[in-house]
Amino acid sequence: MLSQHSLQALLISVEVALGASLLVLPPGILIGRLLARREFAGKGVVETLVSLPLVLPASAVGYMLLSLFSIDGPLGARNLGFDPGILFTIKGALASAAVMSLPLVARTARVAFEGVDPRLEGMARTLGLGPLATLIRVSLPLAARGLAAAAIMGFSRSLGEFGATVIVAGNIPGRTQTLALAIFSDIQSGRMEDARGLLLITTLLAFAGTYITEMLIRGSSTARRREA
Amino acid sequence: MPARLEVNVTLPLPRFRLQVEIATDARASGLFGHSGAGKSTLLEVIAGLRGGAQGRVAFDGEVWMDSAAGIERPPEQRGVGYMPQDGLLFPHWSARRNILAGATRARADGSSPEAGHVIEILDLEELLPRPAGALSGGERQRVALARALCSGPKLLLLDEPLGSIQTSLRRRILSYLLRAREAFNIPAIYVSHDATDVSLLCDAVNVIREGRIVASGSPPAVFTEPAILEDLLDGDYVNVLEGIVTEASDSRATVDLGGGLTLTIADAPDAARGSRALVGVKAADLMLAAGETPGLSARNILPGTILRTERSGPRVIARISLGGRFEIVALVTEPARVALGLRPGREIQVLAKAQSLRLLAMR
């Protein structure tokens, strides 16, 4: 049913989305935690910067990444002394998806942490748990559903990433061509049958991801209401 | 030597400035005040949960906070056993895991009550496997108390431990608190808006009003000061007497106070023969008689001696010694004081209906 190149695109997409969501989860959780619990100078600027990829054209973000990783760029081969191998590789697709999904992951993680009663964290501290033990034993488990939602949100957003990916990773079938890129190529070359197959698959994946996220978020808010 | 708690802090709050100076080495010290007086906030400052306070907090020679010296010990290094008003159990854990949440520190310390003993004293065995969310209000309070006790605390901070509990359960929780006080002997601060609870649980009390300490001393002395008394619930003080239940039948109970003094309580269904009972009677419910009074329905007639009398608005606070064993307070009117000739040294009879006595707690 799926052509060889469609199947390849699906596999690449899943690989990229998995990698990107794993990559983005730790910084996303960290930023979400910071924004939920700390007051600091310039917090508004950080909030805005984190959310910027949501509103910037993906192609603009792609161009920034391209400049960043180009040979003479700040993270380019010349500066680093080695070639990070980002441009026109699957790593580039991964980096693009990660940057583009960071806002959603960080924002969802922030909401998850804001839902944890800070008094419970204080309580843990009085019982002799340090800040790290409190985070691991109290805050993370209580925010777990919201954080899982954040991870799936990151995965789903990565699956759909197009604009930055096409600039940073190119559109190389079998190497960097993801579902989103493959649909574009199929339409460009008139392979409507293939495009429709991919459309069905992406819709199913996106539906599943969004549905699970919604359920997780709804579950965590009803659990909270029950506690209260 | 008993451990001493010294608190001298100021903290601006929305409605007033918390400005408190307390020094106490009482084993159980009460912090009494109406809601919104700053009690819970002060407890949070002592626990290290509330930033922004200026001043100094020290316990048993350890400085927990000294804003001038830049010292602010994090809560985990203060060794307090904190029990907030709502229990604040960890909702993702069972009762057992909640109780053992601070056990690591307790083990490192070595000196604290053993979890098994706490569980036994507070009757928690059957609750242990239950998830925190499946506990009733009273059960939550008991688990929260056990959790505080099992964390190896040097100082217990109990915020309205009876505050959110319905009346029928209060007596049981109160009994548990008294048992814990007896069994573990850990210095404690009890925050309460209920003067009777403070009288029952504490050796000393500080009264806080709009962020300031306005009176301190022993609970009976403080609560019968005119300025404080007027501010109590119904402007009335509840005398607390302790004795042993010698008879319990038909929900009636007889309590022997010693020295030939006995009390009859009309409604004491859970009194058990041989156990210690704390009995409460409101100062305004007591009648005084100048001589023998035959033919009265009152079941409690105790001989007493007036220690002193004091005007408080339209009323007179009469302090009475019962056989030199107890000191109680009766509220009478000025005309009654004159008619009975109430003055220090006057021998009188103290009368109370069996129905006006309340069994406050058993232990």
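A: What follows describes the contact between the chains and then turns to salt bridges inside each chain.

The model is a predicted one, and in it 21 residues of chain B are in contact with 18 residues of chain A. Between them, chain B and chain A bury about 1700 Å², of which 67% lies on carbon and sulfur atoms. On the chain B side, the residues that lose the most area to chain A are E76(B), L88(B) and F90(B), which together make up 33% of what that side buries.

In one salt bridge, R119(A) pairs with D86(B), and the closest N and O atoms are 2.9 Å apart. Sorted by class, the side of chain B that touches chain A consists of 13 nonpolar, three polar and five charged residues.

Over all chains, the count of salt bridges comes to 33, and a few of them can be followed residue by residue.

In chain A, the side chains of R196(A) and E193(A) form a salt bridge with an N to O distance of 3.4 Å. Both residues belong to helix α11 of chain A, which spans residues 192-227, and R196(A) and E193(A) stand three residues apart, about one turn of the helix. R196(A) and E193(A) are both exposed.

In chain B, E139(B) and R130(B) meet in a salt bridge at 2.9 Å, N to O. Here E139(B) has a relative accessible area of 17% and is therefore buried, since the cut-off for that class is under 20%, whereas R130(B), at 28% relative accessibility, counts as partly exposed.

Another salt bridge of chain B joins the side chains of D231(B) and R209(B), at 3.2 Å from N to O. This pair links distant parts of the chain, 22 residues apart, with D231(B) in the loop between α9 (226-229) and β12 (238-249) of chain B and R209(B) in strand β10 (residues 204-209) of chain B. D231(B) is partly exposed at a relative accessible area of 30%, and R209(B) is likewise partly exposed, at 32% relative accessibility.

Back in chain A, salt bridges that share partners join R33(A), R37(A) and E121(A) into one network.

Conventions: Residues numbered from 1 in each chain as written. Chains lettered and ligands numbered in written order. Predicted model: local features only at pLDDT ≥ 70, side-chain atom pairs only at ≥ 80, totals over all residues. Heavy atoms only, no water. Contact = heavy atoms within 4.5 Å. Buried area = accessible area lost by both parts, 1.4 Å probe. Salt bridge = Lys/Arg side-chain N within 4 Å of Asp/Glu carboxyl O. Nonpolar A, V, L, I, M, F, W, Y, C, P; charged D, E, K, R; others polar. Helix = DSSP H or I, 4+ residues; strand = E, 2+ residues; numbered from the N terminus. Buried < 20%, exposed > 50% of the residue type's maximum accessible area, 1.4 Å probe, protein only.
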